[in-house]
Amino acid sequence: MEDINVAIAGAAGEGVQTVGDILAHTISAQGYAVFAWQEYESRIRGGQNSYSIRIGEQPQNAPLLPADVLLALNEGAVKKYEPLLKEGGMLIAQKQLDERMIAIPFAEIAQEEFKNKIYTNTIAVGALVGILGIDLDTLKQVLSHTFMAKGNEVVESNLSAAEQGYRRATQECKDMCPWKLPKRKGRYYLISGNEAIPLAAAFAGCRFIAAYPMTPSTGIITFFAEHEDRLGVFVEQAEDEIAAVNMALGASYARARAMTATSGGGFALMVEGISLAGMTETPLVIVLAQRPGPATGLPTRTAQGELLFAVNAGHGEFPKMVLAPSDPHDAFHKIVTAFNLADKYQMPVIVLTDHFLADSQFSISDFDLGTVRPHTHLADPREMHDYKRYRLTENGISPRLYPGQSKHLVGVDSDEHDEEGHITEDLGKTVKAMVQKRLAKIDGLKKEISPPEEIYGNDGETVLVGWGSSRGALLEAVRLLKQEGKKAGMLHFTELWPLPEFTFPEGKTYITVESNATGQLARLLRSEYGVPFKGAISRYDGLPLTSEYIRSRFDDYDG
């Protein structure tokens, strides 16, 4: 089957997300791959928002804009989103507006049948399930699970409301609906980046997170808090981002694997703490969930505008690592890697996500736990007679103990220090040796960085180069371009600092593809590899990159 794209649109406060979440999980329970993403304004009520669900037999974890089905909860939503409806697509609204739509008065049905408009959205979900040819029993199972904590009466009312919407839609639809999604064997996991990250952190041995809520990173600490007992991670909502990063540093110094999460404005406040981690050689994982800026920017939109900020964060020179996962499966692995390497090299690791990755729902088969494992690198005090926290070593990695672990004193100082951790201004010898010691770690770290994913085929002459969450759109764009006879390939980076030892193949045309206006990846790659870029496909309007957006600009540079 070809992918089906369903869009649900309405004002903030009308339950767009509720309808979308229930439908997405129903389709997933029916055995289909789902990719769901939202675009919404930064307001409590009003405005017009949308929730898009891409349905297929195999995962296509990339967004589509054109809709096969559009459910509009108000007339404003019809006006704004009807242009996205494909030719021959179906519009569902509460009033009859034109001949290519189905009118179902969800709110009137809710009031007449249940004396409460709160059931409007459940009726709407039932209608969508009927129009898509999905088993009503599957929806009822999802609704029962969703509302079981509210008691049997609420569950039964929602089941009845869904049945009303389902019956009304199938009656109205008749021969107009070409879709049929019968039950399939098996099921994909439906998960967002902000859900995968806490699961990965707990798996990696994280035991402490401190954070201050800031969209789009807030879902991380929220998920930790909701599942605190099951994950075994202590959660602290700090008073601000400065406190959060320093709490995490303190927990790490005292042995606990620790992390924090924020967005650009909060990360700006954390930068001094990142330098403190660099000087004290304290492991720390920081999730930086990007959004358009500067200042408050567009809090609920997506961007890749902070790559160079992350690479250059912190005053002074010290080793750090910057990762940018492509999807929740990759995020799981990258978070475990972040904790392992932060621990091994005693340094901060920054993990870049964005609103698109953080809050979209991706279909994955599993996390492949057999290919990733947490590793700790604490020293054994029984093997030491004369302990020095910052002992000079060839690879720059000093044996790390934590306070109270043994009789050995664990000294630490934010000033430049000697091997024992005491402040020093011995410029001629100790200071130079300590700088060199810290920077020596970079040589070992570079050997652990994965190269970019390369997809050229036999004739990939024009190569799209991207990073982070753009992977799904890039993959689909390259596949579609090849079907059109274009000689397209792709390079995709998820481990960005330090950059790996890598040689760009000669004789190809390179185009950077990024969700920013200044080509930050291109600037980084030019400075490190000297690679020439013929041009850039940039998106910086707050919407995610799509395969169609990339394809429509490919010919500007091809050949």
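The count of salt bridges comes to 28. A salt bridge here is a side-chain nitrogen of Lys or Arg within 4 Å of a carboxyl oxygen of Asp or Glu. The model is predicted: local features need pLDDT of at least 70, side-chain atom pairs count only at pLDDT 80 or more, and totals for chains, interfaces and linings use all residues. Residues are numbered from 1 along each chain as its sequence is written, and side-chain values use heavy atoms, with hydrogens and water left out.

| Salt bridge | Closest N and O atoms |
|---|---|
| Glu-41 with Lys-80 | 4.0 Å |
| Glu-476 with Arg-479 | 3.6 Å |
| Glu-548 with Arg-551 | 3.1 Å |

Glu-41 and Lys-80 link distant parts of the chain, 39 residues apart. Glu-41 sits in the loop between strand E2 (33–39) and strand E3 (46–56), and Lys-80 in helix H2 (residues 75–81). Helices (H or I, at least four residues) and strands (E, at least two) are DSSP runs, numbered from the N terminus. Glu-41 has 23% relative accessibility and counts as partly exposed. Lys-80, at 39%, is also partly exposed. Buried means under 20% relative accessible area, exposed over 50%, and partly exposed in between, with a 1.4 Å probe and protein chains only.

Glu-476 and Arg-479 both belong to helix H16 (residues 471–483). They are 3 residues apart, about one turn of the helix. Glu-476 is buried, with a relative accessible area of 4%. Arg-479 is partly exposed at 35%.

Glu-548 and Arg-551 lie in helix H18 (residues 547–554). They are separated by about one helical turn because they are 3 residues apart. Glu-548 is partly exposed at 45% relative accessibility, and Arg-551 is partly exposed at 24%. Salt bridges that share partners join Glu-484, Lys-486, Glu-548, Arg-551 and Asp-555 into one network.

Next, a helix pair. The axes of H3 (residues 106–114) and H4 (residues 120–131) come within 8 Å and cross at roughly 115 degrees. Axes are lines fitted to C-alpha atoms, for helices over the stretch in contact, and angles run from 0 to 180 degrees between N-to-C directions.

Phe-106, Ala-107, Ile-109, Ala-110 and Phe-114 in H3 meet Thr-120, Ile-123, Ala-124 and Ala-127 in H4. Contact means heavy atoms within 4.5 Å. The contact residues divide into 8 nonpolar, 1 polar and no charged. Ala, Val, Leu, Ile, Met, Phe, Trp, Tyr, Cys and Pro count as nonpolar, Asp, Glu, Lys and Arg as charged, and the others, Gly among them, as polar.
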